[in-house]
Amino acid sequence: PVEIGLNPIRTRDGLMVLSTIADISERKRLDRLKDEFVAMVSHELRTPLTSIAGSLGLLTGNAVGNLPAAAMRLLAIAHANSQRLVRLINDILDLQKIEAGQVVFHLKYLELRPFLEQTLDANRAFAHEYGVRIRLDDASIGGEVFADGDRLAQIITNLVSNATKFSPAGSEVTVGIEQRGDNIRVSVRDRGPGIPEEFKSRIFEKFAQADSSDARQKGGTGLGLSIVKQLIHQHGGTVGFEPAPDGGTIFYFELPGAPHQNGSARIEGA
């Protein structure tokens with residue numbers, strides 16, 4: 001593997017091009033070793049951390065009887081942080097598998113609106129912890145997409161949980177479905193402070209956080225949006241964001257609609 005650089009330079013003899021060709025075999029090898037190391041460490045950490053988080057959850061649930069209030073506060077802190085570590089490790093492993101092309105997709109036609117309603121119901125308890133409501137826009141259309149149900153639920157959950165964490169208590173996260181040409185767009189609107197201009201170009205990068213201290217306080221890993229982008233691209237779709245009217249941000253993704261919705265015959269079992 002080589003990396004080629006072409007840079008225009010102006011000389012007395014006119015415009016010329018400076019070309020550099022670099023062998024990046026060693027860089028590729030080190031990147032591969034780094035990815036393998038991160039994946040191995042993450043995999044080895046996941047099992048004991050899951051066990052620790054489960055045990056702490058039992059203690060905070062009074063499985064061994066009532067504990068002093070001071071002990072319960074410490075256990076609650078330990079439980080919350082162990083869960084955050086489990087989420088981070090799961091996200092790292094997910095992203096590593098996606099980038100390595102090791103994720104198997106089980107694609108089928110999904111009726112999007114009932115699927116979305118079911119996924120939102122599964123996220124209401126999480127939103128309730130933040131004092132935020134989740135609502136499916138009444139104007140949302142129906143329609144089918146060709147997708148992996150588990151991965152699509154993961155995409156929606158990442159977007160909704162992200163919107164929930166950055167919306168103020170008492171506000172609402174609105175989810176909508178609309179037709180965009182041959183595509184179906186799913187949008188998630190938050191009521192947060194918006195995205196800083198200098199951060200917009202990096203928002204889908206790994207470990208990117210506009211305000212690291214705030215994101216960490218809210219339990220963010222900085223991987224959710226990167227995973228969303230990778231999964232949507234694997235489905236042949238697109239993802240993006242735009243400022244919402246009256247404040248907040250709208251994150252959205254578009255997937256091709258089922259062929260029969262666009263005037264073509266449906267092929268069963270495709």
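## Helix α6 and its cover

In this predicted model, the buried residues of helix α6 are covered by elements that include α2, α4, β8 and β9. The helix spans residues 224–234, and its buried positions are Gly224, Leu225, Ser226, Ile227, Val228, Leu231 and Ile232. An α-helix has 3.6 residues a turn, so residues three or four places apart point the same way. Just after α6, Gly236 takes a positive phi of about 80°.

## Nonpolar cores

The largest nonpolar core holds 41 residues, and those with the most contacts inside it are Leu152, Ile156, Leu159, Val175 and Phe253. Helix α4, which runs over residues 149–165, gives the most to this core, contributing six residues. Apart from that core lies another, of five residues, among them Leu49, Ala53, Val86 and Leu93. In soluble globular proteins, nonpolar side chains tend to be buried together.

Once residues up to four places away in sequence are set aside, Phe253 touches Leu152, Ile155, Ile156, Leu159, Ile184, Arg185, Val186, Ile232, Thr238 and Val239. One of these contacts, Ile232, is also among the buried residues of α6, while Leu152, Ile156 and Leu159 are listed with Phe253 among the residues with the most contacts inside the largest core.

## The second largest pocket

By class, the lining has six nonpolar, one polar and six charged residues.

Helices α1 (25–60) and α2 (69–99) each supply at least two residues of this lining, and the largest share, five residues, comes from α1.

Most residues other than glycine have a negative phi, and most peptide bonds are trans. Against that background, Asn62, in the loop between α1 and α2, has a phi near 65°, a positive value in a residue other than glycine. Asn62 is partly exposed, with a relative accessible area of 35%.

Asp246 likewise has a positive phi, near 65°, and its place is in the loop between β8 (238–243) and β9 (249–256). Asp246 is exposed, because its relative accessible area is 83%, where exposed stands for over 50%.

Technical notes: Residues are numbered from 1 along each chain as its sequence is written. This is a predicted model: local features need pLDDT of at least 70, side-chain atom pairs count only at pLDDT 80 or more; totals for chains, interfaces and linings use all residues. Side-chain values use heavy atoms; hydrogens and water are left out. Helices (H or I, at least four residues) and strands (E, at least two) are DSSP runs, numbered from the N terminus. Ala, Val, Leu, Ile, Met, Phe, Trp, Tyr, Cys and Pro count as nonpolar, Asp, Glu, Lys and Arg as charged, and the others, Gly among them, as polar. A nonpolar core is a set of buried Ala, Val, Leu, Ile, Met, Phe, Trp, Tyr and Cys residues joined through side-chain atoms within 4.5 Å. Buried means under 20% relative accessible area, exposed over 50%, partly exposed in between (1.4 Å probe, protein chains only). Contact means heavy atoms within 4.5 Å.
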